[in-house]
Every structure is written in structure tokens, then in C-alpha cells.
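Keep the 3D view open as you read.

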Amino acid sequence: MQRVIPPDFTIQTARCLLRRPIAADLPHVFAATRFAGFYDGMPGEPAATMDELEGALPESWREWDEGITYGMTIADLTTNTLLGRVGIRKTSRVDEWNLGFWTHPEHQGQGYMTEAVSAILTFGFEELGAIKIVASYALWNKSSRRVLEKVGMKFIAYIPHAFKKQEYWVEANKMSMTRREWLLLGSGDR
Ligand SMILES: CC(C)(COP(=O)(O)OP(=O)(O)OC[C@H]1O[C@@H](n2cnc3c(N)ncnc32)[C@H](O)[C@@H]1OP(=O)(O)O)[C@@H](O)C(=O)NCCC(=O)NCCS
């Protein structure tokens with residue numbers, strides 16, 4: 001059963017605080033998306049301007065309030081530095097949710113996303129009542145694949161036309177974890 005998640009809800013991990021985005025995050029989000037190739041593994045395009053990014057913030061809050069998507073900033077627990085973003089979105093299937101994520105290029109390769117995704121799986125299964133959580137990675141995106149494997153997600157499907165980048169289709173693999181698999185991993189004991 002999905003419970004109501006208040007705006008001030010946070011998730012604490014060993015090194016991070018996951019929380020609803022605020023306007024002060026946006027310059028760091030914008031800076032992350034300026035790194036060459038940063039958005040190649042994600043559908044869509046980054047905001048072209050800070051104004052565009054600011055304009056999207058109320059929409060992300062609305063989606064949170066309506067229980068559609070919980071997009072969270074990942075901040076360093078002690079310094080509050082923005083490390084990245086992780087989001088969990090309801091799919092069209094009953095009790096199925098989909099994950100998306102990125103780490104600021106200056107903070108990649110330090111295990112932050114593995115820590116955040118692991119926490120979001122717990123959030124999905126415990127607070128949102130998810131029965132299945134899925135995520136997809138572009139076939140070439142080895143670090144994204146690695147994050148999903150490290151948290152215990154399993155391959156379920158190859159998607160030849162996952163999303164378009166410029167005029168080219170990007171192929172992807174879809175990964176999943178069921179609530180039952182998550183409980184068997186012992187994650188539910190935490
Ligand atoms: C994918 C992404 C979120 C990973 O974030 P991160 O904070 O660096 O992730 P972690 O540090 O927790 O784990 C990364 C793993 O990938 C591995 N990795 C990194 N580059 C790799 C490569 N080229 N080949 C194989 N493995 C690689 C790291 O070694 C690490 O695994 P390890 O712990 O076994 O050594 C980050 O690279 C990113 O934001 N990329 C751009 C946006 C994106 O593609 N998002 C995902 C869309 S599905």
C-alpha cells in the first residue's frame with residue numbers, strides 16, 4: 001500500500017541524505033548536465049538554460065505530491081554538496097515503479113549511486129508498496145549496468161529501441177527486482 005510521502009521526507013544512508021529537490025540545488029544540477037556526454041545514457045535532453053530548469057521544479061514537486069514520481073537530490077550528509085539525483089516513477093503497471101539516476105561527474109566512481117539506489121529500493125518496497133522495481137540502461141553504459149547489478153537487480157529484457165538520441169535509437173537492457181527477491185536478499189532486514 002502506497003503511503004503519503006510528505007515534502008520534508010528524507011532518507012539517510014551511510015554518507016548521503018536523499019531529499020526533495022530545492023531551488024538551491026539547481027545551479028549544481030545545471031553544472032552537472034554541462035559535462036560532455038553526460039546525458040547520452042538518459043532519454044530526453046538536459047535543460048538548455050537555468051530558467052528552464054527552474055521552471056521544471058514546481059512540476060517535480062507536483063508529481064511528488066500526487067505520488068507519481070519521487071525525484072530526490074542526493075546530498076553529502078555532512079557538507080550538503082549535491083552528489084546526484086535519483087528518481088522513482090510509477091509505471092502503467094500495477095505496483096510497478098521505474099528508477100532513474102545520475103551522479104555529478106565530479107563525484108562518480110565512489111559508490112554514491114549504489115548507496116542511493118539501494119536506499120531507493122528499500123523506499124519503493126517499504127513505503128510505496130512496490131511489488132516490482134525496474135530500471136533500464138543503455139547497452140554501452142557499463143557504470144549504470146554495474147550499479148544495477150551491485151544492488152542485485154536482474155536482467156529481464158533487451159529493448160532494441162529504448163529511446164532516441166538525435167536521430168538514432170539507443171538499445172537498452174531492462175533490469176528488475178521483485179519485492180520477493182529483495183526480501184530474499186535480506187534487504188528488508190535493514
Ligand atoms: C551511471 C552512474 C549514475 C554511476 O554513478 P556512480 O556514483 O559513479 O556509481 P557507483 O560509484 O556506485 O558505481 C559505479 C560502478 O561502475 C563501475 N564503472 C565505471 N565505469 C565503468 C566502465 N567504463 N566499465 C565498467 N565498469 C565501470 C565502477 O567501477 C563501479 O563499480 P565497482 O564498485 O564494482 O568498481 C554515473 O556514471 C552517471 O551519472 N552517468 C551519467 C548519467 C547516466 O548515465 N545515468 C544512468 C542512466 S540509466
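**Around the ligand**

Sorted by class, the shell around the ligand holds 8 nonpolar, 10 polar and 2 charged residues. Keep in mind that you're looking at a predicted model. In total, 20 residues surround the ligand, and the closest are Gly41, Gln108, Met113, Thr114 and Lys142.

Where in the chain does the shell around the ligand come from? At least two residues each come from β5 (96-103), α3 (112-126) and α4 (142-150). Of these, α4 provides the largest share of the shell, with 5 residues.

Now zoom out to the whole chain. There are 5 helices and 8 strands, and if you trace the elements from the N terminus you'll read β-β-α-α-β-β-β-α-β-α-β-β-α. The C-alpha atoms fill a box of roughly 45 × 40 × 30 Å along the principal axes. How does the radius of gyration fit with a compact globule? A compact globule of 190 residues would come out near 16 Å, and the chain has 16 Å, so the two agree. Contacts say something about the fold too: among those between residues at least 6 apart in sequence, 58% link residues at least 24 apart. As for burial, 30% of the 190 residues are buried.

Next, the inside. In soluble globular proteins, nonpolar side chains tend to be buried together. Here the largest nonpolar core has 42 residues, and those touching the most other members are Ile74, Val86, Ala116, Val117, Ile120 and Leu121. The element that gives the most to this core is α3, with 9 residues.

Leaving out residues up to four places away in sequence, Ile74 touches Cys16, Leu18, Leu83, Gly84, Arg85, Val86, Tyr112 and Ala116. Two of those names, Cys16 and Leu18, take us to strand β2 (residues 16-19), where they form the covered face. Leu17 and Arg19 make up the uncovered face of β2.

What does β2 pair with? On one side of the story is β1 (residues 10-12), which runs antiparallel to β2 and is joined to it by 3 bridges. The two are linked by a hairpin through 3 residues. Thr10 has Arg19 as its bridge partner in β2. β2 also pairs with β3, again in the antiparallel sense, over 4 bridges. Arg19 turns up here as well, standing opposite Thr73 in β3.

Finally, two spots in the backbone deserve a look. Most residues other than glycine have a negative phi, and most peptide bonds are trans. Asn80 is not a glycine, yet its phi is positive, at about 70 degrees. You'll find Asn80 in the loop between β3 (69-76) and β4 (82-90). Is Asn80 buried or partly exposed? Asn80 has 13 other C-beta atoms within 10 Å, so it counts as partly exposed.

Asp95 is the other one, with a positive phi near 60 degrees in a residue other than glycine. Asp95 sits in the loop between β4 and β5. With 16 other C-beta atoms within 10 Å, Asp95 is partly exposed, because a residue needs 20 or more to count as buried.

Methods:
Residues are numbered from 1 along each chain as its sequence is written. This is a predicted model: local features need pLDDT of at least 70, side-chain atom pairs count only at pLDDT 80 or more; totals for chains, interfaces and linings use all residues. A residue is near a molecule or strand if its C-beta atom, placed from the backbone, lies within 6 Å of it. Ala, Val, Leu, Ile, Met, Phe, Trp, Tyr, Cys and Pro count as nonpolar, Asp, Glu, Lys and Arg as charged, and the others, Gly among them, as polar. A residue is buried if 20 or more other C-beta atoms lie within 10 Å of its own, exposed if 12 or fewer, and partly exposed in between; C-beta atoms are placed from the backbone. A nonpolar core is a set of buried Ala, Val, Leu, Ile, Met, Phe, Trp, Tyr and Cys residues joined through C-beta atoms within 7 Å. Two residues are in contact if their C-beta atoms, placed from the backbone, lie within 7 Å. Two strands pair if DSSP finds at least two bridges between them. The radius of gyration is taken over C-alpha atoms; the globule rule is 2.2 Å times the number of residues to the power 0.38.
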